[in-house]
Amino acid sequence: MPTILVVDDDPDICSVLEFRLTSSGYDVLVENDGEAALAALEQESVDLLLMDWMMPRMGGLEACLTLRADERFAALPVFMLTAKAQEADVQRGLAAGANDYIVKPFSPREVVARVASALARTGQLTP
Amino acid sequence: MIGTPTVVILLLTQSIAAVITVLTVAAIAVRAVRQRLAARSRAAGARAVPLILQALDDVTGDVGAVLDRNGAVGRRLDAAIIALVPKLRGADRELLVDILRRRGTIDAARRGTRSVRPIRRLRSVELLGALGLPENLPDLAPRLKDRNADVRRAAVRAMGRTASADAVPALLDVLDSDTRLVADHSLTLALVRVGPAAVPALTEALTAGGPRARSAAASVLGWLADSQAVAALIAAADSEDSQVAMAAIEALGRMDSAAAAKPLQDRLGRHEPPQVRTAAAHALGRLGHRDSVDLLAELLWEEHDLARTAAMSLNRLGPAGLQVLESHAEVVPEAREALASAYRRTVTAGAR
């Protein structure tokens, strides 16, 4: 069963995503900042990372750049989930190595569909 | 033998000590009660979110029953849903709004907008604003002229969040009112928040209403950068009211449209007022059309403000603009300043 790591400092958003992804059959891990996410990736096997941009301690963009510089995580699908909706922000997020960019407010069901599609493309088993 | 003054002093000291003790105990008790209430509220909130999520998958559709069985968290439930709704869109958002509707929360808020108590009106308007439903506009619009300033500001934000074209006339009407009920920037931000749906009403407003509303309409159209508004903005750039004309000129500079360049270039002529020429020079820089280089180069010999704006605009027109600046740098200080700015930008970008 694929494991999704949800990283956001807003507990409401974490709860909704955890609920929607769990109901769709995924295992879900939750962290609240980029640093904790990197630490979790060292400990757990994660199939996809769903990460906010603006977070305390370490933001999603910085965490994404750090991940892409590490060959162990170079192929890990990373989705940015952020309120930064400007065209330049999207370009920056994708340039930092994100595979997909989802703007808040978001549709939890759409996120699940995108996650399933991305995992199917990488040959992961869908739940 | 103790004298009377000593007794009085002793009694006074004891009384003060007693009062201090009572006040300290009372303060500790109040703090403890507050902490307990806050902890209970947090616990109820934590129980509310899973219930809400459970209700989202309530295939029977009997959401009310799920929630009614958990009456203890009822008060927190509304607050938790209201906090969640603005973060979501799509079917889950619709379901959450429907839960509030079934619980009577939305109807209560609509009634609350007419309460005699300002705090209730404010909370009701904020709640309706968080939901952003166009159906609540008839209750929100009258609050734009509420006697309480906080309620007016909340109503402006709430109307912007509906993203409905129907919010535009009421917001523009506030701009044109005799007394300044709400700061102009709050109203223009709300109009921007309405988004593309506002374009037809704003375009129409360019030729109707007072100068403040027309200026705001032009500015917002520029920020929305919708090419459908270009023709109306070109016409507004010829307005007799200089504020309206300047706002339209600035807005044209934000349009990604070749049609905007020519009317802006026409406004650089010597017969135009200086502030209009400066606004046009600035807009041409923002527009980024290379065929404006020669016209902007001529402005480098004009008075300082205009020359400085022209130099900064040339700076944005790529190699051709930079070439003009370099050829003028020795004799035109504004060209030197713009080149220095371009150099700093290159160094900063390189450092990143």
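Buried here means under 20% relative accessible area, exposed means over 50%, and partly exposed is whatever falls in between (1.4 Å probe, protein chains only). The model is a predicted one, so local features need pLDDT of at least 70 and side-chain atom pairs count only at pLDDT 80 or more, while totals for chains, interfaces and linings use all residues. Residues are numbered from 1 along each chain as its sequence is written, chains are lettered from A in the order in which they are written, and side-chain values use heavy atoms, with hydrogens and water left out.

**View 1. A183(B), a loop residue.** A183(B) sits in the loop between α9 (167-175) and α10 (184-194) of chain B; helices are DSSP runs (H or I, at least four residues), numbered from the N terminus. Because its relative accessibility is 33%, A183(B) counts as partly exposed. R153(B) is 30 residues away along the chain, with 8.5 Å between the two C-alpha atoms.

**View 2. T113(B), another loop residue.** Look in the loop between α5 (105-112) and α6 (118-131) of chain B for T113(B). With a relative accessible area of 0%, T113(B) is buried. A polar atom of its side chain lies 2.6 Å from the backbone oxygen of R110(B). Leaving out residues up to four places away in sequence, T113(B) touches R121(B), S124(B), V125(B), L128(B), D139(B) and R143(B); contact means heavy atoms within 4.5 Å.

**View 3. Where chain B meets chain A.** Here 15 residues of chain B are in contact with 14 residues of chain A. The two chains bury about 1300 Å² between them, 55% of it on carbon and sulfur atoms; that is the accessible area (1.4 Å probe) lost on putting the two parts together, summed over both. On the chain B side, L53(B), K87(B) and R89(B) supply 45% of the area buried against chain A, more than any other three residues.

**View 4. Salt bridges across the interface.** The rule, a side-chain nitrogen of Lys or Arg within 4 Å of a carboxyl oxygen of Asp or Glu, finds five salt bridges between chain B and chain A. One of them pairs the side chains of D92(B) and R20(A), at 2.8 Å from N to O.

**View 5. The largest nonpolar core.** This core holds 118 residues, and L21(A), L50(A) and L233(B) have the most contacts inside it. Such a core is a set of buried Ala, Val, Leu, Ile, Met, Phe, Trp, Tyr and Cys residues joined through side-chain atoms within 4.5 Å. Not counting residues up to four places away in sequence, L50(A) touches residues including I4(A), L21(A), F79(A) and V111(A).

Definitions and conventions. Helices (H or I, at least four residues) and strands (E, at least two) are DSSP runs, numbered from the N terminus. A polar contact is a pair of N or O atoms within 3.5 Å; within protein, one must be able to donate a hydrogen and the other to accept it, and residues adjacent in sequence count only if both atoms are side-chain atoms.
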